Amino acid sequence: MGGRVCREEAKEEKRLGREDSLMNVDKIRRFTKQSGHNVLSLARRGLKDAPGELWELLELEKLNLSLNNLKALPPQLALLSNLLVLNLWGNQLSSLPAEIGQLRRLRVLFVYRNRLTEVPEDLGACTQLEVLSLANNQLSSLPASLSNLTRLRKLNLSHNLMTHLPGCIYSMKALVFLDLSCNRLENVAENIQALLELKILIMEGNHLHSLPRGLCFLTRLELLNLDFNCIRDLPEVSNQPH
């Protein structure tokens, strides 16, 4: 009997501790400063909504809200203007707020394994982005404004509904990693040759029948994965003298 009471007390203490950690801004602030960085993880908390007190932590640089049950983020996200890393993977987000474009210092954004059907044009204002993962969503296109992400080095669009490569990608000339696997791509434009820094290109599990000649000009390419396509023809490069 005594053991059962102790277990119940421990459970209640844990519950209260969790609520306290979410609701007491001062305690959260002290916690985030213990490591010398302004970092906060609220991963795996069963959150359906982000706690309102979160938007008071204006000094946050890294925020992890992954593996919760979030269906939307409020406009107050814009208040966290010092964010460098935002981790939202493994939620139930069907969209991102337009205010995400006000996170001008953002360098890393993870939104994979959600339910996104579109990406806001405002994301194109996050010109410091270097890593962007939108994998495992329901995206069929990207806004043209993402062509402004000229510092982007890693882009993951795998497991979406793309039938063609969004035009904005050809402007992301700093890309070294591009994952387009498990979409519905039928072709790739010759403009792919503009991605001269590309080292890893993954296009397995699509509906490709041919490849553009422009691939031959990606001289830094180290890995090209084309498994599980229906490719019949390979591009040829003429050896005509200059």
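A disulfide is a pair of cysteine sulfur atoms within 2.5 Å. Searching the whole structure, which is a predicted model, turns up zero disulfides.

Stop 1: Select Cys 168. Its relative accessible area is 5%, so Cys 168 is buried. Now select Cys 182. Cys 182 has 32% relative accessibility and therefore counts as partly exposed. The cut-offs behind those words: buried is under 20%, exposed is over 50%, and partly exposed lies in between.

**Stop 2: the nonpolar core.** Which residues have the most contacts inside the largest nonpolar core? Select Leu 86, Leu 109 and Ile 169. The core they belong to has 59 residues. Stay on Leu 109 and show what surrounds it. Leaving out residues up to four places away in sequence, Leu 109 touches Leu 86, Leu 88, Ile 100, Leu 123, Leu 129, Val 131, Leu 132 and Ser 133.

**Stop 3: Asn 229.** Is Asn 229 buried or exposed? Its relative accessibility is 18%, so Asn 229 counts as buried.

One of its polar atoms lies 3.0 Å from the backbone oxygen of Leu 226. The side chain also reaches the backbone oxygen of Asp 227, at 3.2 Å.

Setting aside neighbours within four places, they are Met 203, Glu 204, Gly 205, Asn 206, His 207 and Leu 208.

Methods: Residues are numbered from 1 along each chain as its sequence is written. This is a predicted model: local features need pLDDT of at least 70, side-chain atom pairs count only at pLDDT 80 or more; totals for chains, interfaces and linings use all residues. Side-chain values use heavy atoms; hydrogens and water are left out. Buried means under 20% relative accessible area, exposed over 50%, partly exposed in between (1.4 Å probe, protein chains only). A polar contact is a pair of N or O atoms within 3.5 Å; within protein, one must be able to donate a hydrogen and the other to accept it, and residues adjacent in sequence count only if both atoms are side-chain atoms. Contact means heavy atoms within 4.5 Å. A nonpolar core is a set of buried Ala, Val, Leu, Ile, Met, Phe, Trp, Tyr and Cys residues joined through side-chain atoms within 4.5 Å.
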